[in-house]
Amino acid sequence: MYIEAATFMEAFMDNKAISQYKDKLMKERKMRLEYEEKYKSIIDHNLDPIITITPNNRISYANIAVHHAFGYRLKELTGRSIADLIGEEKVADFKKFLSSAFSGESIEMEGIPFFHKHGKFLSTYVKTIPVSIRGTIKEIHLILRDTSFHLKNNERLLFLSYHDQLTGLWNRRALKEHFEVDADYSLRSDEKLSLIHLDLDRFNTINDSIGRNGADEILKMIAERMKMVCPKEGKLYRNGGDEYLLLLRNHSIEKTEKLVQKIMSDFTKPFYFNHQEYFLSSSVGISVYPDDGTILEELLQKAEQAVRYVKERGRSHYRFYREEMNTAFTDTALMEAHLRRAIEFNELELHYQPQVNLQTGEIDSFEALLRWNNRKFGFVSPAQFIPMAEESGLIHSIGDWVLEVVCKQLREWQDKQFRPVRIAVNISPQQFRTGAFAEKAKQIIEKYKIHPSSFEVEITETALTYMKDTLSTLQKLKEIGVTISVDDFGTGYSSLSYLKQYPIDIIKIDRSFIKDIELDEKNEAIAKTIINLAHSLGMQVIAEGVEKDLQAEILKEAACHKAQGFLFSKAIPASEIVEKYFA
């Protein structure tokens with residue numbers, strides 16, 4: 001009985017151990033299943049596409065993100081070689097990449113062309129996660145990211161960093177890199193490089209006329225037109241603003257010259273914007289590597305000096321750089337420095353040219369003309385220093401000085417009880433458009449207590465194109481009582497309708513129409529047309545540049561009111577005016 005009880009207990013204990021063991025196995029299996037579910041859940045719900053591959057590079061699993069990114073479902077990928085989805089040019093590199101991953105490394109690779117189901121390759125970033133079980137790599141997870149969008153953005157940023165945003169041409173940054181390569185090629189091949197600098201003439205008139213957007217359209221048209229003539233060995237750049245650069249390989253002086261002539265010939269054709277024709281010209285300077293320099297900045301500077309040389313001599317032409325241009329450029333910089341001190345050193349002086357009444361021979365008006373006698377350069381032509389003053393902004397201080405001197409001179413003659421006269425002062429468009437010119441003129445007139453009508457403001461015809469600003473300023477001047485005249489009439493780009501809208505008192509016929517008036521029927525016809533127009537509008541008319549008796553006679557017969565020029569007198573100092581006309 002005792003033995004049977006012991007046997008029963010042993011059997012009971014074995015069953016209990018077995019039961020406990022089974023329970024343990026069940027728990028372990030449950031935990032493993034939960035772990036596998038969590039593991040699978042991490043992969044399935046991952047936002048990044050994940051593909052699992054076996055050691056023979058076959059696909060065993062793919063999450064749903066793979067379908068979203070690359071179009072494939074799991075059944076379409078299972079058992080397929082991963083190499084089938086990689087672009088041929090990268091297959092060998094990718095296999096080496098996988099080999100390293102199966103050795104246990106967690107590595108990454110960019111720029112893998114991964115084939116999309118819809119037939120295109122996407123630039124893809126790939127990262128590996130080896131799956132190791134008891135020290136053996138059983139499989140690898142490939143985490144994929146489509147970087148084609150970022151690649152396109154990077155390509156776009158790269159394009160913008162080397163190209164002009166408006167025209168799409170290369171920019172200065174690209175020029176610097178291209179020049180290094182082209183210069184090296186030039187040295188090795190014993191060929192020359194030509195650097196062409198094209199600068200549009202008076203493009204600001206286009207900007208003012210049709211606005212910034214319209215001007216931008218014109219700049220794009222110019223770029224397209226230049227592309228058409230740019231040879232295959234040339235590269236075209238926009239230098240900013242209204243400047244273009246052209247770098248030419250293997251170009252002789254003769255070939256470069258022919259190309260520039262072709263470009264300038266194309267500029268004779270109109271540009272169209274809003275069904276309106278616009279004509280432009282350009283000034284071109286050319287420097288040659290290595291003759292004119294071996295550094296890009298030096299060549300750019302010399303090409304720019306050649307452009308400046310062309311502009312100072314009438315624009316709309318081209319010149320190769322020459323050594324004497326460098327001297328002229330240096331003198332220009334030095335001359336500007338001297339001009340800044342001209343008022344301080346009492347180097348400026350006003351001379352006065354009489355305006356003769358053609359019917360009576362009397363003189364009751366003068367034009368004030370600025371003269372500069374510099375201690376280094378001597379007498380400098382106004383044609384040289386006035387544009388310099390306008391470009392540098394010095395015209396404002398010089399213009400204020402002129403206003404002050406003229407009003408002071410009128411006051412002096414008034415105090416001496418000389419007969420009443422009027423003095424005309426040329427006003428730069430820059431000075432005129434500041435918005436404060438009328439108020440400044442009023443202050444100076446009141447300061448010297450002169451009669452406002454004895455002060456004449458002479459503006460260029462081009463200034464009339466700035467309709468809003470000009471009309472406002474002229475109206476304020478007329479309220480003060482100032483006389484207003486239009487200089488160089490017939491040479492600008494204004495419409496005749498401006499004469500009706502603006503409060504103008506006097507029209508001045510430009511000297512270009514007076515020259516050879518006795519020989520040129522067209523000049524005579526133009527001059528007479530302007531005189532008749534002035535009479536019809538109730539304005540006076542003055543002819544400039546009269547040098548011959550016959551010219552004066554023709555103008556007198558045409559009923560021109562006044563004339564000025566060397567036939568009567570050159571511009572003379574105020575002291576001589578007193579001796580000749582007030583004594």
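User: Where does Pro290 sit?

Analyst: In this predicted model, Pro290 is placed in the loop that runs between strand β11 (282-289) and helix α9 (296-312).

User: And what kind of peptide bond joins Tyr289 and Pro290?

Analyst: The bond joining Tyr289 to Pro290 is a cis peptide bond, with omega at about 5°.

User: How far is Tyr289 from Leu187, in sequence and in space?

Analyst: The two residues are 102 positions apart in sequence, while their C-alpha atoms are 9.4 Å apart in space. Leu187 itself belongs to helix α6, which covers residues 172-189.

User: Is Leu187 buried or exposed?

Analyst: Leu187 counts as exposed, because its relative accessibility is 58% and the cut-off for exposed is over 50%.

User: Let's step back to the whole chain. How many helices and strands are there?

Analyst: The secondary structure of the chain amounts to 20 helices and 22 strands. The radius of gyration is 42 Å, well over the 25 Å that the globule rule gives for 583 residues, so the chain is more spread out than a compact globule.

User: What box do the C-alpha atoms fill?

Analyst: Taken along the principal axes, the box is roughly 165 × 60 × 50 Å. As for burial, 44% of the 583 residues count as buried, and the accessible surface of the chain comes to about 31900 Å², with 51% of that belonging to carbon and sulfur atoms.

User: What share of the contacts comes from residues 24 or more positions apart?

Analyst: Such pairs account for 62% of the contacts in the chain that have a separation of 6 or more.

User: Which residues have the most contacts inside the largest nonpolar core?

Analyst: That core has 76 residues, and those with the most contacts inside it are Leu339, Val406, Phe455, Val457, Leu477 and Leu555. Helix α12 (residues 395-415) gives the most to this core, contributing 8 residues. A second, separate core has 33 residues, including Ile206, Ile263, Val284 and Val288.

User: What does Leu555 touch?

Analyst: Leaving out residues up to four places away in sequence, Leu555 touches Leu358, Ile514, Ile517, Ile531, Ala543, Val546 and Cys560.

User: Now Ile427: is it buried or exposed?

Analyst: Ile427 is buried, because its relative accessible area is 4%, against a cut-off of under 20%. Ile427 is placed in the loop between strand β16 (422-426) and helix α13 (429-432).

User: Which residues is Ile427 in contact with?

Analyst: Apart from neighbours within four places in sequence, Ile427 is in contact with Leu403, Phe432, Phe437, Val457, Glu458 and Ile459. Val457 is also among the residues with the most contacts inside the core of 76 residues.

User: How far is Ile427 from Met26?

Analyst: Their C-alpha atoms are separated by 103 Å, and the two residues are 401 residues apart along the chain.

User: Backbone angles next: what is phi of Asp516?

Analyst: Phi of Asp516 is near 60°, which is a positive value in a residue other than glycine. Asp516 lies in the loop between α17 (511-514) and α18 (521-536), and with a relative accessible area of 31% it is partly exposed.

User: What about phi of Ala559?

Analyst: Ala559 is not a glycine either, yet it has a positive phi of about 70°. Ala559 is found in the loop between α19 (549-557) and β21 (562-563), where it is partly exposed, with a relative accessible area of 33%.

User: Last one, on charge: how many positive and negative side chains are there?

Analyst: The chain has 78 positive and 86 negative side chains, and the centres of these two sets lie 6 Å apart.

Terms used:
Residues are numbered from 1 along each chain as its sequence is written. This is a predicted model: local features need pLDDT of at least 70, side-chain atom pairs count only at pLDDT 80 or more; totals for chains, interfaces and linings use all residues. Side-chain values use heavy atoms; hydrogens and water are left out. Helices (H or I, at least four residues) and strands (E, at least two) are DSSP runs, numbered from the N terminus. The radius of gyration is taken over C-alpha atoms; the globule rule is 2.2 Å times the number of residues to the power 0.38. Buried means under 20% relative accessible area, exposed over 50%, partly exposed in between (1.4 Å probe, protein chains only). Contact means heavy atoms within 4.5 Å. Accessible areas come from the Shrake-Rupley method with a 1.4 Å probe; for residues, only the protein chains shown count as cover. Lys and Arg count as positive and Asp and Glu as negative; His and the chain ends are not counted. The place of a charge is taken as NZ of Lys, CZ of Arg, CG of Asp or CD of Glu. A nonpolar core is a set of buried Ala, Val, Leu, Ile, Met, Phe, Trp, Tyr and Cys residues joined through side-chain atoms within 4.5 Å.
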